[in-house]
Amino acid sequence: MFEFFVRSLDASTIFTIAALGELIGQRSGVINVGVEGAMLFGATLGFITAQTTGSYLLGFLVGIAIGALLGLLHGFFSITLGGDQVVSGMGIWIMGFGLTTYIGNPFTGPLGMDRIPALWGLSPFFYVGVALVIIIWFVLSKTSLGLQIRSVGENPSVAEVSGINVSKTRYLCSIAGGMLMGLAGAVYSLNYNPVWNYNFLMGWGFIALALVFFSMWNPYILLAGSLLFGTLWQLSLNPQLVLPGLFSRYVWRMVPFTITLIVLFIMSMKWFRTRWGAAKPEALGLPYIKE
Amino acid sequence: MRIADYELTLKKRETLFGWQAAIISILAVIFALLLFSLIFIQAGANPLDAYKEIFDYAFFNPFGLPLTINRFIFLLLCTSAFIIPIRAGLWNIGMTGQLYAGALSAFAVMFAFGVKGAKFAEYPALIIIPLMMIAAALGAMVIGAIAGYLRGKFNLNEIVVTMMLNFIMFWLVSFMIKDGGPFMNPGGRGESFELPTSLYAPLFKGVPFTLIFALGFAFLLYWVFAKTKIGYQIRAYGQNPAAAAYAGISAVRIPLLVFIMGSALAGLAGYHYFAAVPGVYKIARSYAVLGDLAFYGIICGLISLGNPIAAIPVALLFGGLTNGGRYVQGKMQLGFGIDYALLGVLMITLVAFQFFYRYRISLVKKRKESLDV
């Protein structure tokens with residue numbers, strides 16, 4: 001049971017980091033539906049690097065770097081070129097899915113390195129995740145940079161008039177967000193489940209995307225949500241630990257997705273929105289083109 | 001930017017004619033194929049040879065061509081399933097889940113007739129096959145309707161919803177065909193029971209009759225979008241949902257309708273590949289490969305710019321490319337997943353080329369600048 005608890009926190013960490021990356025971008029008004037693609041890239045290239053060089057550090061750095069690169073690419077398509085952000089995000093996802101399947105295939109199998117040692121009984125990344133939540137909450141709501149980011153996400157033309165460089169801010173957020181997604185992928189393939197397999201993520205990125213809507217763009221709710229979904233996900237992988245013999249294991253695998261749908265559905269109902277309000281950034285998904 | 005005496009400038013397009021958009025799409029495909037030759041070079045193959053092999057096998061080989069046509073039918077149905085919602089500005093990336101639902105429903109009909117495990121028994125094909133197709137369309141519609149309703153009524157992001165449904169359906173198929181699930185083959189290798197020979201779909205010169213449906217729906221859709229009131233309403237909603245609402249077009253009905261229409265076609269695609277393609281006739285262990293192939297529907301839909309008739313040659317091209325890609329992968333001993341890599345390269349190229357729908361680059365010869373003192 002303790003083992004299950006630890007694994008759940010590990011899973012939650014990945015959701016936390018990836019969803020934080022998405023949250024930063026969305027607060028600046030850039031939606032990136034390609035979280036899963038960025039995670040796949042970070043995971044696959046991080047895995048390959050770590051396996052060939054034998055260094056975890058290099059693996060994580062490469063994961064973060066490729067994430068940053070994809071964030072930059074998304075920024076270029078959606079900020080500089082002013083394209084549809086959904087199209088660009090879909091591009092990143094399908095590119096990630098397609099290319100990593102091809103690139104990673106020769107590396108199918110376990111990583112074959114010593115596990116990363118635990119810190120006080122938990123994976124060190126759990127503390128990283130919690131620290132990131134606090135840092136990002138602090139930056140977004142207590143600093144002038146955060147104000148800048150939020151104003152760009154709410155009303156870019158007003159922000160521009162008050163002297164904020166909209167493109168620069170959005171690029172910053174998109175790249176930082178991409179780095180976190182790449183890191184989340186690398187944490188998955190180097191720490192959580194160090195085995196490369198075809199399309200191994202199977203929906204982590206999309207649940208992270210849903211978590212951002214769930215969090216109402218608040219890092220603390222996001223942390224709570226990822227704890228919930230991390231536990232749920234872990235439960236769906238090892239149902240026998242909690243409820244042995246109930247349902248087939250395949251039915252359990254459907255559970256996290258079904259609950260995501262139900263939660264999103266409840267949250268989008270009128271009584272919920274009027275009661276809790278929605279902090280959705282006003283300019284989310286809208287390209288800003290200076291005329 | 002300046003190159004020698006020429007000045008490169010970007011101009012915003014005021015209008016985009018159909019033929020201009022078509023040229024951009026064609027250029028995007030050519031560019032992606034050029035970019036993709038890098039992967040062949042990296043794998044140590046001559047790109048020209050590789051492409052020649054691909055096209056030879058896909059379109060001129062007596063074994064390859066039927067496979068291409070089967071993939072073409074599948075892709076065309078998936079593309080139509082993507083095109084209908086995209087005309088209303090909505091993203092249906094749930095073709096995968098919808099086609100799984102279609103396949104499961106079609107198999108459920110056979111299950112209800114007690115077909116499981118009776119491979120050589122005689123069944124009334126004239127009754128059961130239409131029932132299977134109707135069930136496939138209806139089963140997929142249910143899945144599609146969830147996404148459409150949630151989008152229309154509650155404004156839930158349809159990308160997240162359809163993706164969640166994809167995963168739910170993926171595991172539902174596993175549940176049904178593996179580990180003693182109801183549709184498991186009694187022989188038991190984690191695949192579904194096989195179709196009895198009497199329920200094989202009719203073939204015309206080796207081509208399943210579903211071809212008629214795929215082509216027929218493409219033309220029908222073109223007509224619907226061009227000539228009918230409902231087509232007009234879908235397009236109006238896609239252009240500007242708020243303005244459409246003022247014109248009395250329901251913001252709940254249109255998303256629901258486009259998702260129902262689209263997913264019905266995806267369901268037929270599921271019927272086609274799992275119950276009508278010669279040599280398959282079951283839900284195989286590796287059904288995920290077909291689910292992934294459905295993502296080509298997105299690419300075909302984007303390339304053909306939402307035009308159902310333009311989608312026909314595009315789907316044929318990609319049916320051939322993926323089929324031929326699989327073939328050269330084996331023949332030239334390239335790494336697994338050539339068709340996946342192509343999917344990735346194509347998609348990102350297309351995204352980049354979206355830019356040219358809004359801007360054009362013009363090359364203007366500059367006069368030598370005189371020193372203005």
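**B:Val345**

I started with one residue: B:Val345 has 23 C-beta neighbours inside 10 Å, so I put it down as buried; the cut-off is 20 or more. I keep in mind that this is a predicted model. I then looked up where B:Val345 sits, and found it in helix α14 of chain B, residues 338-353. Leaving out residues up to four places away in sequence, I get B:Ala32, B:Leu35 and B:Phe36 as what B:Val345 touches. I also checked B:Val345 against B:Gln233: the two are 112 residues apart along the chain, and their C-alpha atoms are separated by 34 Å.

**Where chain B touches chain A**

Next I went to the contact between the chains. I get 35 residues of chain B in contact with 38 residues of chain A. On the chain B side, α5 (125-154), α6 (158-177) and α14 each supply at least two residues. Which helix gives the most to that side? I find α6(B), with 11 residues. By class, I list the chain B side as 26 nonpolar, seven polar and two charged residues.

**α9(A) against α6(B)**

I picked out one helix pair across the contact. My partner for α6(B) is α9 of chain A, residues 204-214. I have their axes coming within 10 Å and crossing at roughly 140°. That angle makes α9(A) oblique to α6(B), because the roughly antiparallel class takes angles over 145 degrees. I noted the hand of the crossing as well: α9(A) and α6(B) cross left-handed.

Which residues meet here? From α9(A) I wrote down A:Phe206, A:Leu209 and A:Ala210, and from α6(B) I wrote down B:Val160, B:Met163 and B:Met164. My class count for this contact is six nonpolar residues, with no polar and no charged ones.

**Chain A as a whole**

Last, I stepped back to chain A. I count 12 helices and two strands in its secondary structure. Reading from the N terminus, I get the order α-α-α-α-β-α-α-α-α-β-α-α-α-α.

How does the radius of gyration of chain A sit with that of a compact globule? For 291 residues I would expect a value near 19 Å, and chain A has 19 Å, so the two agree. Along the principal axes, I have the C-alpha atoms of chain A filling a box of roughly 60 × 45 × 35 Å. I put buried residues at 55% of the 291 in chain A. Of the contacts in chain A between residues at least 6 apart in sequence, I find that 81% join residues at least 24 apart.

Terms used: Residues numbered from 1 in each chain as written. Chains lettered and ligands numbered in written order. Predicted model: local features only at pLDDT ≥ 70, side-chain atom pairs only at ≥ 80, totals over all residues. Helix = DSSP H or I, 4+ residues; strand = E, 2+ residues; numbered from the N terminus. Buried ≥ 20, exposed ≤ 12 C-beta atoms within 10 Å, placed from the backbone. Contact = placed C-beta atoms within 7 Å. Nonpolar A, V, L, I, M, F, W, Y, C, P; charged D, E, K, R; others polar. Rg over C-alpha atoms; globule rule 2.2 N^0.38 Å. Axes fitted to C-alpha atoms, helices over the stretch in contact; angles between N-to-C directions. Parallel < 35°, antiparallel > 145°, perpendicular 65-115°, else oblique. Left-handed = near helix turned anticlockwise from the far one by under 90°.
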